[in-house]
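Let's take a friendly walk through a protein model, one piece at a time. Keep the picture beside you as you read.

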Amino acid sequence: MSPEAVFDVGEADFEQRVVQRSHEVPVVVDFWAEWCGPCRQLSPALEKAANERAGQVELAKVDVDSNQALAQAFRVQGIPAVKAFRNGQVAAEFTGAVPPAQVERFFDELVPSEADELADRGIAEDDEELLRKALEIDPRHERARPALGRKLLQRGEVDEALELLGAAGGDFVADGLVARAELIRDGDAADLEPAFRSWDEGDFETALRILADALDSADAQRRDHIRRVMVAIFTELGVDHPLAREYRRRLAAAVS
């Protein structure tokens, strides 16, 4: 059975149905309450937009009265509050009952582009050609660029990886890969290779443990490179993941 385009979500399943699901399709979250008139005004437009884009975008509805911890975690100060998640992070948001045409534009901007679809296929199928095609369309694509950069690093093509990733410009995953490439280029990564392999294989706990242990004996420059790699892993995990919280504390203690 196809996933629902519109569904209720609470504290128990928010991580799975919103944060994790947003790595597959964008998930719009409607923070609302029964007593809220503007919420009732906005809901039909949100639900219509989601149903018309079923399979491309999903709408999760959070009753703030029943889920106050979620509302607090995402700094909901007024309702309706609408937040769109992509790749585990809030990618766009607005507050208040906006006109239906504005809701439609909001959803249109979330629907995957041709570059998005090529990147998603390239990552799922481990297909470098598809990643390169995505980057021909969008040279700074937020998923294709780090995915291809990682493949180049795995092959030892450090210079090409650095050229591709360039100045990361606020992309924490890309910046972590740049730091990894710089460590390898400078011959300062031999003891960190197991961490890099673990990161690539999705064993985030092992990767973070090795990186955190290496902080103790690192000079200032190496510590900063390791910090950037750890921040990239935190970003992939999501801000509220227990491992991210644990190792952010260790990182803060090491660099303070």
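This is a predicted model. Which residues of α4 (residues 100-108) are the buried ones? They are V103, F106 and F107. Looking down the axis of α4, you would find these buried residues within an arc of 95°, so they line one face of the helix.

**The sheet**

Now turn to the strands. Five of them form an open sheet: its 5 strands follow the order β1-β3-β2-β4-β5, and the pairing is mixed. At the edges are β1 (6-8) and β5, each of which pairs on one side only. From one strand to the next, the twist averages 25°. Helix α2 packs on this sheet and touches β1, β2, β3, β4 and β5, while its direction makes about 155° with that of β3.

| Strand pair | Bridges | Direction |
|---|---|---|
| β1 and β3 (residues 58-63) | 3 bridges | parallel |
| β2 and β3 | 6 bridges | parallel |
| β2 and β4 | 5 bridges | antiparallel |
| β4 and β5 | 6 bridges | antiparallel |

You can find some of these partners in the picture. K61 in β3 is the bridge partner of D8, and K61 also stands opposite D30. Going from β2 to β3, the chain passes through α2, and this β-α-β crossover is right-handed.

How many residues of β2 are buried? The count is 6 of its 6 residues, so to speak a mostly covered strand, by the cut-off of under 20% relative accessible area. On one side of β2 you will see V27, V29 and F31, and on the other V28, D30 and W32; all are buried, and both faces are covered.

Strand β4 is mostly covered too, with 6 of its 6 residues buried. Here A81, K83 and F85 point one way, while V82, A84 and R86 point the other way. Between these two strands, V27 has F85 of β4 as its bridge partner, and V28 has A84 of β4.

**The hairpin**

Follow the chain onward from β4. Together with β5, this strand forms a hairpin that has 2 residues between the strands. In the turn, N87 has a positive phi of about 55°. R86 stands opposite Q89 in β5.

Finally, find S198, which lies in helix α10 (residues 193-200). Is S198 buried or exposed? Its relative accessibility is 9%, and because buried means under 20%, S198 counts as buried. Leaving aside residues up to four places away in sequence, S198 touches D203, F204, T206 and A207.

**Looking back**

Conventions
Residues numbered from 1 in each chain as written. Predicted model: local features only at pLDDT ≥ 70, side-chain atom pairs only at ≥ 80, totals over all residues. Heavy atoms only, no water. Buried < 20%, exposed > 50% of the residue type's maximum accessible area, 1.4 Å probe, protein only. Helix = DSSP H or I, 4+ residues; strand = E, 2+ residues; numbered from the N terminus. Arc of directions from axis to C-beta. Contact = heavy atoms within 4.5 Å. Pairing = 2+ DSSP bridges. Axes fitted to C-alpha atoms, helices over the stretch in contact; angles between N-to-C directions. Right-handed = clockwise from strand over helix to strand, strands pointing away.
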